[in-house]
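Here is my note on the model. Please read it with the coordinates open.

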Amino acid sequence: MTEASSEQLLRRPVQEIWTSRFQVIALVVLTLIAIIGKFYLPRLLPHTEWLELPLLLTVYFGLMRHSQIQALFFGAFVGLAEDSLAPATLPIGMYGITKTLVGYFAAAVSLRFNVESSVIRVILCLFFYFFHAFFYWVMRRALLAQTIPFDPQETFVHGALNSLIAIPLFLILDKMKVSGPS
Amino acid sequence: MEALLGRYRNLTVLVVVVVAQLLYLAYQVKTNGDERLIRVWAVTAVTPMAGIVEAVRGNTIGFLQDYFILLDVREQNRRLKSDNDKLRMENVYFRNQLATAENARALTMFQAQIPSKTVAARIIGNSTVASAKAVFIDRGSSSGIENGIAVVTPEGIVGKVSATYPLVSQVLLVTDPTFGVGIESQKGRVHGVLNCSAGKCIVAQIQNEDKVDVGEWFFTSGEDRIFPKGFPVGVASAVQLGQGMKDVKLSLSGAPGGAEEVLVVLQGVHRDIPTVPVVERSNATLLPPPPAEGGPNGQQNPKPQTEADKILQRYAQIGKEQNHSYGAYGSNMPNFNPKAVTPQPGAAKPAASPSILGARSDAPQPALQKPELSGPVLPLGAPRRKPGADSQPNQLQPKHE
């Protein structure tokens, strides 16, 4: 073994640690931005309540991480954070359960399909948005006995808009390599 | 067993996490407990950043408006002056109303008009649940805000405080599907419940027999123990007979989701529902213009105040009698010494008047009649001139009682 190769072996873990730390910090910051964005964006830009940045982040993490356990925990974290900013009349855990399932299923899908294609990503985002909205509506009806409206057509349109937003967002996240090595 | 768990490790973890959250959720529903600690931490972590973003946005927009966008400043200034004048008139009107309150009923009515004790707040963020209509305001328990109190704007109601934190509060908007408000119509005093869902608001619990017209205003009835009675809610935009209950659609007068500044009602005061239309009520009620002087037909016949007025009036009478219009082209000089002019009783008859305006006459001039004065009234104790001490006959004397 030459000296050059031994130096490379010594340097590489340091770079990986730095990359790993950057990924963790970037992920936390992006999650925070997504939640604050959902909290504040409708004040800045009216009629943007349909934008689900936390959901898109959960889907992306699940698709690119290829780990169901990590994805479900990430989804649970994001969902519980959203629940804590929800109206106090709603108990904590509604979004937590929903996004836990989204993260898990997104990671499960990524194990069977090639999710690098933008078309597949758009379709999956549309599907998961619809699943997320419908499952949340079912939980509020079943668990809380609250009757809230559910418009499939409107949900579909919002899901399509979120899917369009997801294309550039996922490309940016790909460049940042937030999800880490798969 | 271990092999089974190892084989289905992912699914097992999923089930455990979901069941744990379900149990936690069921615990909250069962105990009706608000997990305050988690919410306080989350809100305290997020709202400062939202406040910073809001401050940056407001300052940036303000800077641009102050230094670059000055196109509408003059128009805004004119409009603000107009509004200021209107408010001044309203202020004068209410001051006069207070000053002229003669009996206890008027005083009671005025006391009923005293607004509730409120505190102003600014909306800084929305809820993270798209289907739940809630916002955060920048006033919290440190400002005296408590759960369940009303939030309004001058245009209409906004919602109620659903959670309070040290520096911020959460307001559940009236447009939330789970929120109901007790309201009452203006004319028929028909009671109902305001329910909003999917961007549309209806008035529920109104019988088909009750009379509600399109365009009729609804006000808070105070029966929900949240909103004081008498706040405007909205106008009935459509009224139809339904199955047992009437279908009344309501368009809200305020914009609960679009408001930026709101008032939190710390101590609500119930008010009577106004009987006049809201649009007219917003303007100051002014008295009709005073009748014209000189009779009901509006013909003015002003009383001469000075000698110049008397001369002018006499010349106008001469011109009228001789059918002469002053300043008209081709009109002859009128005779200013007509025989038919009847002298004023008590006034000396002039021996000869000058034929030319402004020319002096050798004949003695008639004594000038002292006009009745409405001059300044001297204060009590001020030195006064005796009538006999007046040496100049033409000097005007103030008239004292």
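1. Basis. This is a predicted model, in which local features need pLDDT of at least 70 and side-chain atom pairs count only at pLDDT 80 or more, while totals for chains, interfaces and linings use all residues. Residues are numbered from 1 along each chain as its sequence is written, chains are lettered from A and ligands numbered from 1 in the order written, and side-chain values use heavy atoms, with hydrogens and water left out.

2. Helix pair. In chain A, helix H3 (residues 68-84) packs on helix H4 (residues 94-110) at an angle of about 155°, and their axes are 7 Å apart. H3(A) is therefore roughly antiparallel to H4(A) (the term applies to angles over 145 degrees). Helices here are DSSP runs (H or I) of at least four residues, numbered from the N terminus. Axes are lines fitted to C-alpha atoms over the stretch in contact, and angles run from 0 to 180 degrees between N-to-C directions.

3. Contact residues. H3(A) contributes A:Gln68, A:Ala71, A:Leu72, A:Gly75, A:Ala76, A:Val78, A:Gly79, A:Leu80, A:Glu82 and A:Asp83. From H4(A) come A:Met94, A:Tyr95, A:Gly96, A:Lys99, A:Thr100, A:Gly103, A:Tyr104, A:Ala107 and A:Ala108. Contact means heavy atoms within 4.5 Å. The contact residues divide into 10 nonpolar, 6 polar and 3 charged, with Gly counted as polar.

4. Salt bridges. The rule is a side-chain nitrogen of Lys or Arg within 4 Å of a carboxyl oxygen of Asp or Glu.

5. A:Lys38 and A:Glu52. Their side chains form a salt bridge at 2.7 Å, N to O. A:Glu52 sits in the loop between helix H1 (3-44) and helix H2 (53-65) of chain A, and A:Lys38 in helix H1, so the pair ties together parts 14 residues apart in sequence. A:Glu52 is buried at 3% relative accessibility, and A:Lys38 is buried at 6%. Buried means under 20% relative accessible area, exposed over 50%, and partly exposed in between (1.4 Å probe, protein chains only).

6. A:Lys38 and A:Glu82. This salt bridge is also 2.7 Å, N to O. A:Glu82 lies in helix H3 and A:Lys38 in helix H1 of chain A, so the pair ties together parts 44 residues apart in sequence. Both residues, A:Glu82 and A:Lys38, are buried.

7. Network. Salt bridges link A:Lys38, A:Glu52, A:Glu82 and A:Lys99 in a network. A:Glu82 and A:Lys99 are also among the H3(A)–H4(A) contact residues.

8. A:Glu116 and A:Arg121. Their salt bridge is 3.9 Å, N to O. A:Glu116 is partly exposed at 49%, whereas A:Arg121 is buried at 5%.

Terms used:
Helices (H or I, at least four residues) and strands (E, at least two) are DSSP runs, numbered from the N terminus. Angles under 35 degrees count as roughly parallel, over 145 as roughly antiparallel, 65 to 115 as roughly perpendicular and the rest as oblique.
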